[in-house]
Amino acid sequence: MAKYKSYSIGSKWTKTKWLLERQDLQEYIPETKLFDKTNLEEMLIMYPVVYFKPVRGWGGSNIVRILKTEEGYRTRSNAGQDDWPTPDSLYEELDRLAKTRPYLLQKGIDLARTKGMPFDLRVMVQKSSRGTWKSTAIFAKIGKPGKVATNYNQGGKLGFLKSTLSGAGYGPSRIGRTRSELERMGVEVGKCFDGHNKGFRELGLDIGLDPDGKPWILEVNTRPQFYPLKHFKDQTVYRRILSYAKQYGRTR
Ligand SMILES: Nc1ncnc2c1ncn2[C@@H]1O[C@H](COP(=O)(O)OP(=O)(O)O)[C@@H](O)[C@H]1O
Ligand SMILES: [Mg+2]
């Protein structure tokens, strides 16, 4: 990839703390804690599903979804599915992974489905050469059945916002409202990150919608991929993102 200038930060924990400083964004952030035994127990009491993910992960890899069951806990990851009878046995297993690098715990969002498939949304936010943030594109990532992450690298498929939301039962006016809310959120996240470093030029928000249609920010990417959009038959979205990206020297 050609060299281009946009500041990048890897730690999901740092980025979550930045978001939480902004009062208007707090309601969109699923509760997130660093992994340790106490936090694991607390999160499992509060939420039926908890995500365990590396602080510096990418591409949907090394993510474990934890589900409370009648008998204990069920984990699912790319390594498969397992059952753990007690909080201690679950902790031991996760701690084995957390010994190699830090992990965090996040409230699991019951992702909305389009034609039966879970999806999340990517809001692309870019800064123009005049320094103003704009939400330039929103598209969907539709998960491959059986995967805990919707990422393209995990076999996820890209979809248009309109058709994906209409496949989830949204009518035209609700789709319009969702789009406006996400665009506004994208700009606010841009301003929030700007307050920490002026070097950010592009951000990619991963947004989960819950069954009520409430958006949740799962993560903010500072090196968002968009080349998979190139394979769309309709290249309008790709070209729009690229026209902004060229202003800061990104060519694909
Ligand atoms: N809290 C969560 N609730 C529901 N799904 C989640 C949650 N966290 C992650 N996911 C799923 O896993 C994917 C990857 O997680 P993400 O935090 O974006 O990490 P990565 O950096 O690997 O992309 C998300 O796009 C989503 O499909
Ligand atoms: Mg992601």
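Modeller: Two residues are taken to be in contact if their C-beta atoms, placed from the backbone, lie within 7 Å. The model is a predicted one, and its chain is divided into domain 1 (12-30 + 111-248) and domain 2 (32-107). By that criterion, ten residues of domain 1 are in contact with twelve residues of domain 2, and on the side of domain 1 that touches domain 2 the residues divide into five nonpolar, four polar and one charged. The C-alpha centres of the two domains lie 25 Å apart.

Ligand 1 lies between domain 1 and domain 2, because both give residues to the shell around it. That shell holds 21 residues, of which the closest are Tyr51, Ile109, Ala149, Thr150 and Glu219, while the elements that give two or more residues to it are strand 2, strand 6, strand 11 (202-209) and strand 12 (215-221).

Ala149 sits in the loop that runs between strand 9 (133-142) and strand 10 (157-160), and it counts as buried because 27 other C-beta atoms lie within 10 Å, where 20 or more are required. Leaving aside residues up to four places away in sequence, Ala149 touches Gly60, Ile63 and Gln154. The C-alpha atoms of Ala149 and Pro118 are separated by 9.3 Å, although these two residues are 31 residues apart along the chain.

Strand 2 (residues 49-54) and strand 3 (residues 64-68) run antiparallel and are joined by four bridges. Both strands belong to an open sheet of six strands, arranged in the order 1-6-2-3-4-5 with antiparallel pairing; strand 1 (32-34) and strand 5 (80-84) are the edge strands, each of which pairs on one side only. On average, neighbouring strands of this sheet are turned by 20° against each other, direction ignored.

Helix 4 (residues 87-98) lies across strand 2, strand 3, strand 4 (73-77), strand 5 and strand 6 (103-107), and runs at about 135° to strand 5. Two of the strands that helix 4 lies across, strand 2 and strand 6, are also among the elements that give two or more residues to the shell around ligand 1.

Conventions. Residues numbered from 1 in each chain as written. Chains lettered and ligands numbered in written order. Predicted model: local features only at pLDDT ≥ 70, side-chain atom pairs only at ≥ 80, totals over all residues. Pairing = 2+ DSSP bridges. Axes fitted to C-alpha atoms, helices over the stretch in contact; angles between N-to-C directions. Near = placed C-beta within 6 Å. Domains from an automatic or database assignment. Nonpolar A, V, L, I, M, F, W, Y, C, P; charged D, E, K, R; others polar. Buried ≥ 20, exposed ≤ 12 C-beta atoms within 10 Å, placed from the backbone.
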